[in-house]
Amino acid sequence: MTVLPLLLLLAAPNADAVLRSLEKAGQALKTMKADFVETKVLVLLNEKQETRGDVLLQVPGRLKWNYTSPQPSVMLIRDGAFARYIPRSKQVFRGAAKGEADLLVGFGPGAAGLGKKYEVTLVGKETVGGAPAWVLDLKPRSGATSGLFSGIRLWVDEARSIPVQTRLTEPTGDHTTIRFENVVINGRLPSGAFELRLPKDIVEVK
């Protein structure tokens with residue numbers, strides 16, 4: 001083996017190294033704003049559904065997904081409570097937050113516990129949005145509380161050590177891929193960003 005390939009091999013990270021960089025970036029994260037493209041594949045029905053919008057995160061415990069197309073809706077997680085508002089039907093669904101937080105797995109303080117919650121494998125490197133990203137496979141450890149998903153694939157931006165794409169696989173085989181674009185870390189969020197403004201004739205569903 002020549003000297004150059006040996007140096008490249010020594011410099012190549014393993015799964016633990018990528019997790020450490022992800023954890024370090026997560027510790028520094030206070031707010032995040034990004035656009036997203038979400039693609040859900042229904043395996044048995046052979047259907048693909050695409051939604052778009054933007055997402056806001058504030059540490060600790062606040063997360064808001066604004067879906068703009070094809071049908072507007074809002075999903076809000078705030079201090080352990082979950083709400084999903086659908087303007088078209090004038091309904092809001094409420095309950096305790098569960099696996100919905102995994103939609104932003106790898107962002108913020110939650111990045112610190114990934115190695116305990118999941119068996120993590122470094123798959124390789126791919127390009128996402130024109131930039132190189134490390135690809136991690138996360139499999140829930142036996143006995144761990146794994147939320148709604150049987151497996152997660154995470155693309156971690158090599159330069160910024162933040163997730164730029166996530167694939168969430170359900171026990172049925174259905175899977176959802178979320179690609180993040182125009183990611184802004186620790187910027188100022190709008191006042192009242194995590195308030196859910198509802199019309200007076202809204203129907204509450206719990």
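Two strands pair if DSSP finds at least two bridges between them. Strands (E, at least two residues) and helices (H or I, at least four) are DSSP runs, numbered from the N terminus. Keep that handy for the tour.

A word on what you have open: this is a predicted model, where local features need pLDDT of at least 70, side-chain atom pairs count only at pLDDT 80 or more, and totals for chains, interfaces and linings use all residues. Residues are numbered from 1 along each chain as its sequence is written, and side-chain values use heavy atoms, with hydrogens and water left out.

**Stop 1**

Select residues 31-42 and 47-58. These are S1 and S2, which pair antiparallel over twelve bridges. Now look at the turn. Four residues separate the two strands of this hairpin, and Asn-46 in the turn has a positive phi of about 55°.

Gln-58 faces Arg-62 in S3.

The peptide bond leading from Val-59 to Pro-60 is cis, with omega near 5°. Most residues other than glycine have a negative phi, and most peptide bonds are trans. Carry on to the loop between S3 and S4 for Pro-70. Ser-69 and Pro-70 are joined by a cis bond too, with omega about 5°.

**Stop 2: Ser-73**

Now click Ser-73, in strand S4 (residues 73-78). Buried or exposed? Ser-73 counts as buried because its relative accessible area is 7%. The cut-offs are under 20% for buried and over 50% for exposed, with partly exposed in between (1.4 Å probe, protein chains only).

Show the neighbours: leaving out residues up to four places away in sequence, Ser-73 touches Trp-65, Asn-66, Tyr-67, Arg-84, Tyr-85, Ile-86 and Pro-87. Contact here means heavy atoms within 4.5 Å. With Arg-84 there is also a side-chain to side-chain polar contact, at 3.1 Å. A polar contact is a pair of N or O atoms within 3.5 Å; within protein, one must be able to donate a hydrogen and the other to accept it, and residues adjacent in sequence count only if both atoms are side-chain atoms.

**Stop 3: two loop residues**

Asp-79 sits in the loop between S4 and strand S5 (81-86). Asp-79 isn't a glycine, yet has a positive phi of about 55°. With a relative accessible area of 55%, Asp-79 is exposed. Jump to Ser-161, in the loop between S9 and S10. Ser-161 is another non-glycine with a positive phi of about 55°, but Ser-161 is buried, at 14% relative accessible area.

**Stop 4: helix H2**

Finish by colouring the buried residues of H2: Ala-15, Val-18, Leu-19, Leu-22 and Gly-26. Why do they line one face of the helix? Seen down the axis of H2, they fall within an arc of 100°, so they share one face. (The arc is that of the directions from the helix axis to the C-beta atoms.) They pack against helix H3 (114-117) and strands S7 (118-128), S8 (131-140), S9 (151-157) and S10 (163-169). Turn the view around: the face away from the buried side carries the exposed residues Arg-20, Lys-24 and Gln-27.
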